[in-house]
There are 2 protein chains.
Amino acid sequence: MGNTVITIAREYGSGGRIIGKKLAEELGISFYDSEMIMLVAKKSGYTEDFVRKAAEQVSMSFLYSLYMTSQELPASDQVFIATSNVIKELAEKESCVIVGRCADYVLKDNPDALKVFIHAPLEKRIDRVKNEYKEQAKDYAAYIQKKDKNRASYYSYFAYGKWGRIQNYDLCVNSAIGIEQSVDVIKNYLSHFKGGNN
Amino acid sequence: MGNTVITIAREYGSGGRIIGKKLAEELGISFYDSEMIMLVAKKSGYTEDFVRKAAEQVSMSFLYSLYMTSQELPASDQVFIATSNVIKELAEKESCVIVGRCADYVLKDNPDALKVFIHAPLEKRIDRVKNEYKEQAKDYAAYIQKKDKNRASYYSYFAYGKWGRIQNYDLCVNSAIGIEQSVDVIKNYLSHFKGGNN
């Protein structure tokens, strides 16, 4: 087994990002979430702002059809391809934790990558989004569900599959047990994970 | 937190049953899989054979419509209701591991029950079904997929939901890491699980 590469997909407000960050700290390896934007910008020549905006929108199938005729990829597709290349290069180069960005899909043929999904009950997520992220929303449940829907659309557009399908992940954790505790569960699984389909 | 109750749903050939059995042994608590048939028979007055057969078939919606007119439940529904009652009583009475039987759904409002899903890559499952279960099939992949499809239909009929939906479980484990190792991951999660939505 080569590098220790852990991808983390997560429901909005489940604490997936902070779990990934702590995990990387405890393992003494790199952590990539928004850091990825800078890397992709550097690699592709796009501005960070362009990368950030493109990553937030999924091209419509109409735009995609236009591309098929014009032979020029929509911005979000170009950014996704650039991001995928950066993810693959990182996985080759170093041990790291990568949050979001369909990294589990990008590395689906890399058996050395441990694929994790973090979720939590809605009431726990509302509490975190309100009191920790300090985000403002009239209807927190609707706000969170919209965020999840965006993630699911993004995944289903780029990864040709259903976001949050158990079989895409080696380990799915309900983070209601706590952040430190979820990190511990991932570390425990990792201690048994030999890669190469074990 | 009361009893330690762990439900295990599993893909066919993933080793979920043996993982549940070892987990129960290591925790020194009861284990219920086919043992459930005898309990349900005893409780309901049906024969064990009737319970076994009814549990394998999902009533067709046509039969269900007939029931709506005749006011008499189809056999599989009667057995499901009897099984649900047994599961709820067991969870009240003692610490235990319960495999299959939509136990996660039956105990969905019991926050003290830890809900686990075990899956594994198809090639691992073919290997287990062929070499450990010693089952005969012309096409093992098709055989396994049919078994999973039956489980999914059963779940979707009785539990009104999608079998293998991440959010139904506290922990989903790819058992490719090994049986003992999967048991250890569940025990680790359990050590952090306080129940009552934590």
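Predicted model: local features only at pLDDT ≥ 70, side-chain atom pairs only at ≥ 80, totals over all residues.
**Stop 1: chain A as a whole**

If you follow the chain from its N terminus, the elements come in the order β-α-β-α-α-α-α-β-α-β-α-α-β-α. Chain A has 198 residues, and 51% of them count as buried, while its accessible surface comes to about 9600 Å², with 50% of that belonging to carbon and sulfur atoms. Among the contacts in chain A that join residues at least 6 apart in sequence, 70% link residues that are at least 24 apart.

**Stop 2: the two copies and their axis**

Now show chain A and chain B together. Two copies of a chain are related by a rotation about an axis and a shift along it. Here, a rotation of 180 degrees with a shift of 0.0 Å along its axis places chain B on chain A, with an RMSD of 0.0 Å, and that is the relation of a two-fold axis. To find where this axis passes, select B:Cys172, whose C-alpha is the one in chain B nearest the axis, at 2.4 Å from it. The same surface serves both copies, as 100% of the contact residues of chain B recur in chain A.

**Stop 3: the contact between the chains**

Keep both chains in view and select the residues of the contact, which takes 28 residues from chain B and 28 residues from chain A. The area buried between the two chains is about 2400 Å², and carbon and sulfur atoms give 53% of it.

**Stop 4**

Next, hide the helices and look at the strands alone. They include an open sheet of 10 strands with mixed pairing, in the order β2(A)-β3(A)-β1(A)-β4(A)-β5(A)-β5(B)-β4(B)-β1(B)-β3(B)-β2(B). At the edges stand β2 (30–32) of chain A and β2 (30–32) of chain B, each with a single partner strand, so one side of each is left without a neighbour in the sheet. Neighbouring strands of this sheet are turned against each other by 20 degrees on average, with direction ignored.

Zoom in on the place where the chains join: strand β5 (residues 171–174) of chain A and strand β5 (residues 171–174) of chain B run antiparallel and are joined by 3 bridges. Within this pair, A:Cys172 has B:Cys172 as its bridge partner.

**Stop 5**

Then bring back helix α1 (residues 16–27) of chain B, which lies across β1 (5–10), β2, β3 (96–99) and β4 (113–119) of chain B and runs at about 165 degrees to β1(B).

**Stop 6: strand β3 of chain A**

Move to chain A and select strand β3 (residues 96–99), from which A:Cys96 and A:Ile98 point one way and A:Val97 and A:Val99 the other way, all of them buried. Strand β1 (residues 5–10) pairs with β3(A) in the parallel sense over 4 bridges, and in this pairing A:Ile6 has A:Val97 as its bridge partner. β2(A) also pairs with β3(A) in the parallel sense, over 3 bridges, with A:Ile98 as the bridge partner of A:Tyr32.

**Stop 7: a tyrosine in a loop**

For the last stop, select A:Tyr12, found in the loop between β1 and α1 (16–27) of chain A. Is A:Tyr12 buried or exposed? Its relative accessibility is 8%, and because buried means under 20%, A:Tyr12 counts as buried. Leaving aside neighbours within four places in sequence, the contacts of A:Tyr12 include A:Arg125, A:Val129, A:Tyr133 and A:Arg151. Finally, select A:Leu122, which is 110 residues from A:Tyr12 along the chain, although their C-alpha atoms are separated by 9.5 Å.

How values were computed:
Residues numbered from 1 in each chain as written. Chains lettered and ligands numbered in written order. Heavy atoms only, no water. Least-squares fit on C-alpha atoms with pLDDT ≥ 70 in both. Contact = heavy atoms within 4.5 Å. Pairing = 2+ DSSP bridges. Helix = DSSP H or I, 4+ residues; strand = E, 2+ residues; numbered from the N terminus. Axes fitted to C-alpha atoms, helices over the stretch in contact; angles between N-to-C directions. Buried < 20%, exposed > 50% of the residue type's maximum accessible area, 1.4 Å probe, protein only. Areas by Shrake-Rupley, 256 points an atom, 1.4 Å probe, with all protein chains shown as cover. Buried area = accessible area lost by both parts, 1.4 Å probe.
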